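The sequence and the model come first.

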Amino acid sequence: MTQDTTTFGDSTLRGYLDELAAKVPAPGGGAVAALHAAQGAALVAMVARYTTRAKDADNRPVIDRIIAAADVARERSLALADADAAAFTAVGAAYKLPKESEAEQSARAEAITAALLQAARVPAAVVAEADEIVSLATELLPIGNPNVVTDIGAAADCARSAAGSSQLNIAINVASLDGAAGAEFAPVLKQIEEVIARADALHDDVVAAITR
């Protein structure tokens with residue numbers, strides 16, 4: 001972020017978009033993925049807070065748990081946006097290390113591998129947030145306030161985008177790692193497919209709920 005804002009949470013929306021549009025290494029798609037997750041979590045929390053009417057009393061323990069979980073997921077996702085920007089910057093720094101001597105080449109190679117691993121682990125963590133957001137939204141749909149049911153679908157779409165964009169960022173970093181290092185992310189790539197399928201199904205369920 002800019003010198004005036006140290007975190008994505010502190011940035012104005014215009015300031016963030018200006019930086020995203022600028023010719024600078026970060027923020028980029030990884031930060032966007034994390035912020036998709038943060039928006040999805042916020043939408044889940046909003047719908048849950050609208051489901052605290054007197055008629056919702058029987059579901060209040062579940063609703064309160066969903067609110068708490070969604071609020072925590074939003075904060076974690078915001079932190080991951082910052083972590084992604086830092087990880088991307090670290091990759092660039094590693095590639096710029098000197099490589100004249102064998103010792104420098106070895107140190108540079110180790111630094112690049114470590115930076116690439118971290119750059120893939122951050123979007124993997126975003127996938128975990130997207131997974132939870134879809135789970136919370138799915139749990140909320142049958143009991144959520146029907147007046148804001150479309151926002152559950154929007155939350156699912158945010159989570160889907162978070163997972164899909166993270167897939168791209170994991171893949172490009174894994175492509176530069178050797179097979180053994182990259183194997184760490186095989187389960188996450190499978191998880192992404194499942195998150196996307198569940199998010200799509202939830203979107204369809206919301207469409208069905210408002211058109212029946």
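## Ala73

In this predicted model, Ala73 has 0% relative accessibility and therefore counts as buried (under 20% relative accessible area; exposed is over 50% and partly exposed in between, with a 1.4 Å probe and protein chains only). Ala73 is part of helix α3; helices (H or I, at least four residues) and strands (E, at least two) are DSSP runs, numbered from the N terminus. Leaving out residues up to four places away in sequence, Ala73 touches Ala41 and Glu129, where contact means heavy atoms within 4.5 Å. Ala73 and Ala109 are 36 residues apart in sequence, and their C-alpha atoms are 34 Å apart in space.

## Basis of the values

Residues are numbered from 1 along each chain as its sequence is written, and side-chain values use heavy atoms, with hydrogens and water left out. The model is predicted: local features need pLDDT of at least 70, side-chain atom pairs count only at pLDDT 80 or more, and totals for chains, interfaces and linings use all residues.

## The chain as a whole

The chain has 7 helices and 0 strands, in the order α-α-α-α-α-α-α from the N terminus on. Its C-alpha atoms fill a box of roughly 70 × 40 × 30 Å, taken along the principal axes. Of the 212 residues in the chain, 42% are buried. Among contacts between residues at least 6 apart in sequence, 76% join residues at least 24 apart.

UniProt, in an unreviewed entry, lists residues 12-179 as "domain: Cyclodeaminase/cyclohydrolase". UniProt positions are given in the numbering used here, feature names are shortened, and annotations may be inferred rather than shown by experiment. In the model, residues 12-179 are 79% helix and 0% strand, and the end C-alpha atoms of this span lie 41 Å apart.

## Packing of α2 and α3

Two packed helices are described by the angle between their axes and the distance between the axes. Axes are lines fitted to C-alpha atoms, for helices over the stretch in contact, and angles run from 0 to 180 degrees between N-to-C directions. Helix α2 (residues 29-49) packs with helix α3 (residues 60-95) at an angle of about 165 degrees, and their axes are 8 Å apart. That makes α2 roughly antiparallel to α3 (angles under 35 degrees count as roughly parallel, over 145 as roughly antiparallel, 65 to 115 as roughly perpendicular and the rest as oblique). The crossing of α2 and α3 is left-handed, that is, the near helix is turned anticlockwise from the far one by less than a right angle; clockwise would be right-handed.

Residues of α2 in this contact include Gly30, Ala34, Ala41 and Arg49, and those of α3 include Ile63, Ala73, Arg74 and Asp84. The residues of the contact of α2 with α3 divide into 18 nonpolar, 2 polar and 4 charged. In this classification Ala, Val, Leu, Ile, Met, Phe, Trp, Tyr, Cys and Pro count as nonpolar, Asp, Glu, Lys and Arg as charged, and the others, Gly among them, as polar.

## Packing around α4

The axes of α3 and helix α4 (residues 102-140) come within 9 Å and cross at roughly 160 degrees. The two helices, α3 and α4, are therefore roughly antiparallel to each other, and their crossing is left-handed. The contact of α3 with α4 has 24 nonpolar, 2 polar and 7 charged residues.

On α4 and α5, the axes come within 8 Å and cross at roughly 160 degrees. Helices α4 and α5 are therefore roughly antiparallel to each other, with a left-handed crossing. Among the residues that meet here are Leu116, Ala119, Ala120 and Val127 in α4 and Ile152, Ala159, Ser166 and Asn173 in α5. The contact of α4 with α5 has 19 nonpolar, 3 polar and no charged residues.

Asn173 is located in helix α5 (residues 149-174). Its relative accessible area is 11%, so Asn173 is buried. Apart from neighbours within four places in sequence, Asn173 is in contact with Leu116, Ala119 and Ala120.

Pro27 is in the loop between α1 (13-21) and α2. Ala26 and Pro27 are joined by a cis peptide bond, with omega about 10 degrees. Lys190 is in helix α7 (residues 186-211) and, at 47% relative accessibility, counts as partly exposed. The C-alpha atoms of Lys190 and Ala175 are 16 Å apart in space, and the two residues are 15 apart in sequence.
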